[in-house]
Amino acid sequence: MIVILDFGSQYTQLLARRIRELKVYCEILPYTTPLDQVRKQSPKGIILSGGPDSVAADHANGNGNGKDMPLPHPGVFMLGIPILGVCYGHQVLGKVMGGKVKRSSRREFGLSKLNLIRSADIFNGIKPKFDVWMSHGDEVAQMPVGFVALGSSENAPYAAMANPLKKVYGLQFHPEVSHTEFGSLMLKNFVFEICEEEPTWQMKDWIGNACKEITKQVGPYKVLVALSGGVDSSVVARLIHKAIGKQLVAVYVDTGLLKAGETERIRRIFGKLFEDSLIIIDAKERFLKVLKGVTDPEQKRKIIGLTFARIFEEAAIERRGLLFLAQGTLYPDVIESGKSVSGKAHLIKTHHNVGGLPDDLKLKLLEPVRNLFKDEVRELGRELGLSDEVLGRHPFPGPGFAVRILGEITTERVDVLRAVDSIVDEEIRRAGFYDRLWQVFPVLVGAKTVGVVGDMRNYQEVIAIRAVESLDGMTADWSKLPHELLGAISRRIVNEVPSISRVVYDITSKPPATIEWE
């Protein structure tokens, strides 16, 4: 196995996912993990993740000596096994092993060119100059004794370094991010050539272990599965059903903030699968009431999370022996909510199913896929026998249209967005682009603009169309949809939805934007 010591990077689980793609088991541990626990894992290699902290920041005793910086147990560096430091982990290697780290004169965020100074085993099969994804404000200014420079960027003279004899490597950039050319090959070289691992791990192994853990954790009690009908909750429901059978109770809540025909779809698909174990709750009025007058997106998410929790608690009270609440929480939800393994990740936005849950929740949480990504969950669903109709759906946020309507939520505005959403979905599918995209959806932006309809002034709301391509949802590029398709979508919206006067297209990638607007 490979162990990743987490310093709070947004991309730590992405590192683990890249290792799992190589069919090698990988486990994430907080950087504070005691040395004995690391040693018990018998890892073939250790990766030090990135993180939001600084080795050379002013808080580090004022002179960059790193007094307060997060560090692993010093014995980690004396285990005699290969180590790879990524971004912050690269700087940790530079400092701890005797080099110098300083604040960069110019920070690097985004794409940069790496120039290979010399080819080492981690760079086998890679061309001399290529794109890498940078995200740093510090740099290694002097390498430790025994290290050699492998590559440089315009702003980092030692953007890649190594001590080949000790098999210790540092990369200032993020090889795990899809924007880095040859990133997967670098990790492959590290895992197979340097760590001498074998590709023996499979998703079937994960399912078996997960079922054992679920059975052990649940015991004789029942589990309420929060079923939204999306990919994540559907896979979780099927996984838990495989593990504990009739101890599962699937609860679908109609919030009134969902796509057209969603409740009927749930009855058709999951009524057959779970039979008497499926419960449908109509809570449209309740959600609209608690969201009345609320415009702040963080408040929306927290209110929705709390309301869901109370509804699930009420459903549990009606059924004896129901002790657990299962959710389809994924790793991007966890990391954007600032809930990394290390506790060091920064909050990007509160996901209703992570930071929106109350501290006094009366049900115990069960989140079996919280360390997986969307595409891994789809692979898991295929192994569990779920249909393409379920697994091929685009991600849809748990708060529904509430975070795609900027400003106040009203019945009228929800109806408008639902109508527009149906148009976008129909046109994207008709043009054959649905399966090519990670996600496509409209946003009611909360602004009005002037238009002309039948020679008369028309002052109505604006719709933004968001379409992105991605591998895992952690990073995404805006999609270059054909102008003819965008034109067809725009014409239908302004002609068929009278309260919309203008349609715009979002051309921002992630980062710097998130995929959803709120």
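Visitor: Where does Phe182 sit?
Guide: Phe182 is in the loop between β9 (168–171) and α4 (183–194). Keep in mind that this is a predicted model.

Visitor: And what's its phi?
Guide: Phi of Phe182 is near 65 degrees, which is a positive value in a residue other than glycine.

Visitor: OK, is that side chain buried or exposed, or something in between?
Guide: Phe182 has 28% relative accessibility, so it counts as partly exposed. Buried would need under 20%, and exposed over 50%.

Visitor: Which residue has a positive phi of about 55 degrees?
Guide: That's Glu196, again not a glycine. Glu196 belongs to the loop between α4 and α5 (203–218).

Visitor: Switching to omega now. What's the peptide bond from Lys510 to Pro511 like?
Guide: It's cis, with omega near -15 degrees. Pro511 falls in the segment after β18 (500–505).

Visitor: What about the bond that joins Pro511 and Pro512?
Guide: That one is a cis peptide bond too, and omega is about 15 degrees. Pro512 is also in the segment after β18.

Visitor: Let's talk packing. How many residues are in the largest nonpolar core?
Guide: There are 49, and Phe312, Ile428 and Ile493 have the most contacts inside it. The element that gives the most to this core is helix α9 (residues 297–317), with 8 residues.

Visitor: Which residues does Ile493 touch, ignoring its neighbours within four places in sequence?
Guide: Ile493 is in contact with Val420, Ile423, Val424, Ile463, Ile465, Ile500 and Val503. There's also a second, separate core of 40 residues, and among its members are Ile214, Val223, Ile269 and Leu391.

Visitor: Back to α9: what span should its 21 residues have?
Guide: At 1.5 Å a residue they should span 30 Å, and the end C-alpha atoms are 31 Å apart, so the two agree.

Visitor: What's going on at the start of α9?
Guide: A side-chain oxygen of Asp296 comes to within 3.1 Å of the backbone nitrogen of Glu298 there.

Visitor: Last one: at what angle do α6 and α7 pack?
Guide: Helix α6 (residues 231–244) and helix α7 (residues 262–274) pack at about 10 degrees, with axes 12 Å apart. That makes α6 roughly parallel to α7, because angles under 35 degrees count that way.

Visitor: Which residues meet there?
Guide: From α6 you have Ser234, Ala237, Arg238 and His241, and they meet Phe270, Leu273 and Phe274 in α7. As background, an α-helix has 3.6 residues a turn, so residues three or four places apart point the same way.

Note on methods
Residues numbered from 1 in each chain as written. Predicted model: local features only at pLDDT ≥ 70, side-chain atom pairs only at ≥ 80, totals over all residues. Heavy atoms only, no water. Core = buried A, V, L, I, M, F, W, Y, C linked by side-chain atoms within 4.5 Å. Buried < 20%, exposed > 50% of the residue type's maximum accessible area, 1.4 Å probe, protein only. Helix = DSSP H or I, 4+ residues; strand = E, 2+ residues; numbered from the N terminus. Contact = heavy atoms within 4.5 Å. Expected span 1.5 Å × (residues − 1). Polar contact = N/O pair within 3.5 Å; in protein donor to acceptor, adjacent residues only side chain to side chain. Axes fitted to C-alpha atoms, helices over the stretch in contact; angles between N-to-C directions. Parallel < 35°, antiparallel > 145°, perpendicular 65-115°, else oblique.
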